[in-house]
Amino acid sequence: MDFLAASAGPIAEALGTTILLAVAAGIGSIVLGTLITAARISPVPVLRWAAFGYVQFFVNVPLLVLLVLAVFALPDAGFLLPLTPTAIIVLTLYEAAYVAEAVRSGVNTVGKGEIEASRALGFTLGQTLRVLVIPQSLRAAIQPIGNVMIALTMNTALAAAVGVVELTSAANKLNLVEAQPILIFTAAGLIYMALALAIGLTAGRLEKKLRIRR
Amino acid sequence: MTSSTSPAQHPASPLVSVAQVQKHFGAHHVLKDIDLEIARGEVVVIVGPSGSGKSTLCRCLNRLETITSGTITIDGVPLPAEGRALADLRAEVGMVFQSFNLFAHRTILDNVALAPHIVSKVPLKQARAEAVALLERVGIADKAERFPGELSGGQQQRAAIARALAMKPKLMLFDEPTSALDPEMVSEVLDVITSLADDGMTMVVVTHEMGFARRAADRVIFMDDGRVVEDTTPDEFFDNARSDRARAFLSKILAH
């Protein structure tokens, strides 16, 4: 057990990277996913098709493939970014597709009469989306979005495969030295569990607080 | 904020003019040869059996429903097609729905202040101050920070009236405003509508409340099967209805 305490510094640093990946890509994917949903329900056919194509692409390609492509192919094409920002961008693009699907499930809960009322008040379509449809959809989709955020946190572990030193990567490195796989990966797993639990509890609390009483 | 019937462009011309309007829902012909003019300050109550087309006519006036043929002009301007111009016109025509349709995720105060702020670009502080005044006027200022779901039906409908008034409309449309209310809440809503009428607001009210029609209307329009069958004063309509259909309708409604 002593070696775990001795390597607390590097593990804490790696945990910090995991949290950075999850929080940055989490915020990014919620913003991007919401915009994709707005495009998906807009009256402009080009936007609707583009949003549909985006979701289909990212839902149907494995995250690991995307990460490997971004890390090894993009530099060849002349885009050079440090590893961690690259991973954040790929995670954001990938999870945004799932957030978009979650938010879209909330769109159906928006009252038809309320949309009619906003039109009768003189709202343009964009204003109706921004003031009424998107806010109500997000409120209805808090729990599913929370689940996407938990999946995102687990998916940050894939960044280890392309060389980002996050929690799984640090655990792996420690195991190479100490050869205590059960202990080390159980500890890493417990940390992931704690993160997932925190996200789930936050989502539950937010949902209770922002629930729409009808 | 009472007489928002602003200095009229053409004081003599009617505010609403409906000419030869037809409306179909698929094969169903719901509005037939509708001709109608509404003067400024006039209170027009539309009555008739359900399915007679009265709600549809009301909803056509701000183009929530599109018409098949004919023309509708508001203040001399033909109803524009969907888009910016239509949004601008709707901003000047208030509408109150049977099912209130308040924005469920915003407070009552926000419900009233939102449209002036977003649509008319009134500064938020001013929009809120005006919203408070309107809520006082309809008697629910104490509910300003509550959410729609926490209010009774009558209170919600009064908030919805305040929300429509916040845009300072030149015309108000009421589409069966009391039909979804428990009986004991009908009068609090009708009182607000009556006080608006007394202030000179031009309005079209679709309703089943015959007492209100008699008290508040300048004109009663009786519709049946998609047509305007009677267009007359309330006294004339209730005491001397000319058509058999109107008399049959009244005898059914007033019998109990």
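Residues are numbered from 1 along each chain as its sequence is written, chains are lettered from A and ligands numbered from 1 in the order in which they are written, and side-chain values use heavy atoms, with hydrogens and water left out. Because the model is predicted, local features need pLDDT of at least 70 and side-chain atom pairs count only at pLDDT 80 or more, while totals for chains, interfaces and linings use all residues.

Chain A contains 10 helices and zero strands, where helices (H or I, at least four residues) and strands (E, at least two) are DSSP runs numbered from the N terminus. Its pattern along the sequence is α-α-α-α-α-α-α-α-α-α. The C-alpha atoms of chain A occupy a box of roughly 70 × 45 × 25 Å along the principal axes. Of the 214 residues in chain A, 43% are buried; buried means under 20% relative accessible area, exposed over 50%, and partly exposed in between (1.4 Å probe, protein chains only). Contact means heavy atoms within 4.5 Å. Among contacts in chain A between residues at least 6 apart in sequence, 77% join residues at least 24 apart. Accessible areas come from the Shrake-Rupley method with a 1.4 Å probe, and for residues only the protein chains shown count as cover.

Chain B has nine helices and 10 strands. Its radius of gyration is 18 Å, close to the 18 Å that the globule rule gives for 256 residues, so chain B is as compact as a globular protein of that length. The radius is taken over C-alpha atoms, and the rule is 2.2 Å times the number of residues to the power 0.38. The C-alpha trace of chain B spans about 55 × 40 × 35 Å along its principal axes. Buried residues form 56% of the 256 residues of chain B. Of the contacts in chain B with a separation of 6 or more, 68% involve residues 24 or more positions apart. The accessible surface of chain B is about 10,600 Å², and 50% of this belongs to carbon and sulfur atoms. There are 27 positive and 33 negative side chains in chain B, with the centres of the two sets 5 Å apart.

A nonpolar core is a set of buried Ala, Val, Leu, Ile, Met, Phe, Trp, Tyr and Cys residues joined through side-chain atoms within 4.5 Å. The largest such core has 53 residues, of which Leu135(B), Ile161(B), Met172(B), Phe174(B) and Met203(B) touch the most other members. Helix H6 (residues 183-198) of chain B gives the largest share of this core, eight residues. A second, separate core of 45 residues includes Leu129(A), Cys58(B), Leu61(B) and Met223(B). Beyond its neighbours within four places in sequence, Phe174(B) has contacts that include Cys58(B), Val96(B) and Ile161(B).

In chain A, helix H6 (residues 112-120) has the buried residues Glu114(A), Glu116(A), Ala117(A), Ser118(A) and Ala120(A). These pack against helix H7 (125-140) of chain A, and also against helix H1 (54-60), helix H2 (84-91), strand S6 (93-96) and helix H5 (153-165) of chain B. Leu132(A) lies in H7 of chain A and is buried, at 1% relative accessibility. Not counting residues up to four places away in sequence, Leu132(A) touches residues including Ser118(A), Phe103(B) and His105(B). Tyr94(A), in helix H5 (residues 83-107) of chain A, is also buried, with a relative accessible area of 10%.

Most residues other than glycine have a negative phi. Asp75(B) has a positive phi near 55° and lies in the loop between strand S4 (69-74) and strand S5 (77-78) of chain B. Lys168(B), with a positive phi of about 45°, is in the loop between H5 and strand S7 (171-175) of chain B. Asp75(B) is buried at 6% relative accessible area, whereas Lys168(B) is partly exposed at 41%.

How values were computed
Lys, Arg positive; Asp, Glu negative; His and termini not counted. Charge placed at Lys NZ, Arg CZ, Asp CG, Glu CD.
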